[in-house]
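Please work through the exercises below with the sequence and the model at hand. Each task is followed by a solution in steps.

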Amino acid sequence: MRTHAYHRDDPARPGSTWQATIVWNRPIEFAGQSFLTEGFADITGAEGNGVANQLYVPRLLWDAGAADERPGRIYLGVEWQHWNNKFGVDGVTENVAQLQLKWVWN
């Protein structure tokens, strides 16, 4: 897990703010299968006429490549995207589940 801190200055908004981004990527084993849990979270302060906002994007991916003796190459799974005050707009919340195909090119 890693945490990054930023100073944000959107030229379309007056003032500036901060942002913290947390990222993670961890393989796990379950029922004899390989999975990958990964994702990120962006937490941002208010800027200009916008309000503080948060974006959380966790993923759970099955290592489909392991079934074909090519582990770590192709993953299938789901991602959940949750926005709170999307793009700094007060009260705009979004929840979206998405299917994921991840191809790792080595």
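The model is predicted, so local features need pLDDT of at least 70 and side-chain atom pairs count only at pLDDT 80 or more, while totals for chains, interfaces and linings use all residues. Residues are numbered from 1 along each chain as its sequence is written, and side-chain values use heavy atoms, with hydrogens and water left out.

**Exercise 1. Describe the salt bridges formed by R59.**

Step 1. Apply the criterion: a salt bridge is a side-chain nitrogen of Lys or Arg within 4 Å of a carboxyl oxygen of Asp or Glu. Side chains of opposite charge can pair when their charged atoms come close. Over the whole structure, the search finds four salt bridges.

Step 2. Take the partner E38. The closest N and O atoms of R59 and E38 are 3.5 Å apart. This pair links distant parts of the chain, as R59 is in strand β4 and E38 in strand β3, 21 residues apart. Strands (E, at least two residues) and helices (H or I, at least four) are DSSP runs, numbered from the N terminus.

Step 3. Take the partner E79. The side chains of R59 and E79 form a salt bridge with an N to O distance of 2.6 Å. Because R59 lies in strand β4 and E79 in strand β5, the pair ties together parts that are 20 residues apart in sequence.

Step 4. R59 counts as buried because its relative accessibility is 19%, and E38 is buried because its value is 7%. E79 is buried as well.

Step 5. E38, R59, E79 and K102 are linked in a network of salt bridges.

**Exercise 2. Describe the largest pocket and its lining.**

Step 1. On a 1 Å grid over the protein atoms alone, a pocket is an open set of points with protein on both sides within 12 Å along at least five of seven lines, and lining residues have an atom within 4 Å of a point. Grid points are joined across faces, edges and corners, and the volume is the space filled by probe spheres set on the points.

Step 2. State the volume, which is about 190 Å³ for the largest pocket.

Step 3. Examine the lining. The largest pocket is lined by 17 residues, of which R8, T44, N53, W83 and F87 lie nearest its centre. Two or more lining residues come from each of the elements β3 (33-44) and β4 (53-63). The largest share, three residues, is supplied by β4.

Step 4. Sort the lining by type: five residues are nonpolar, seven polar and five charged. Here Ala, Val, Leu, Ile, Met, Phe, Trp, Tyr, Cys and Pro count as nonpolar, Asp, Glu, Lys and Arg as charged, and the others, Gly among them, as polar.

**Exercise 3. How far apart in space are the C-alpha atoms of N84 and N53?**

Step 1. N84 lies in strand β5, and N84 and N53 are 31 residues apart in sequence.

Step 2. Their C-alpha atoms are 5.5 Å apart.

**Exercise 4. Locate A31 and E69, which have positive phi values.**

Step 1. Phi of A31 is near 55 degrees. A31 lies in the loop between β2 (17-30) and β3, and is exposed because its relative accessibility is 69%.

Step 2. E69 has a phi of about 60 degrees although it is not a glycine. E69 occupies the loop between α1 (64-67) and β5; at 75% relative accessibility, E69 counts as exposed.

Notes:
1 Å grid on protein atoms, 1.4 Å probe; cavity = no way out; pocket = protein on both sides within 12 Å on 5 of 7 lines; lining within 4 Å. Buried < 20%, exposed > 50% of the residue type's maximum accessible area, 1.4 Å probe, protein only.
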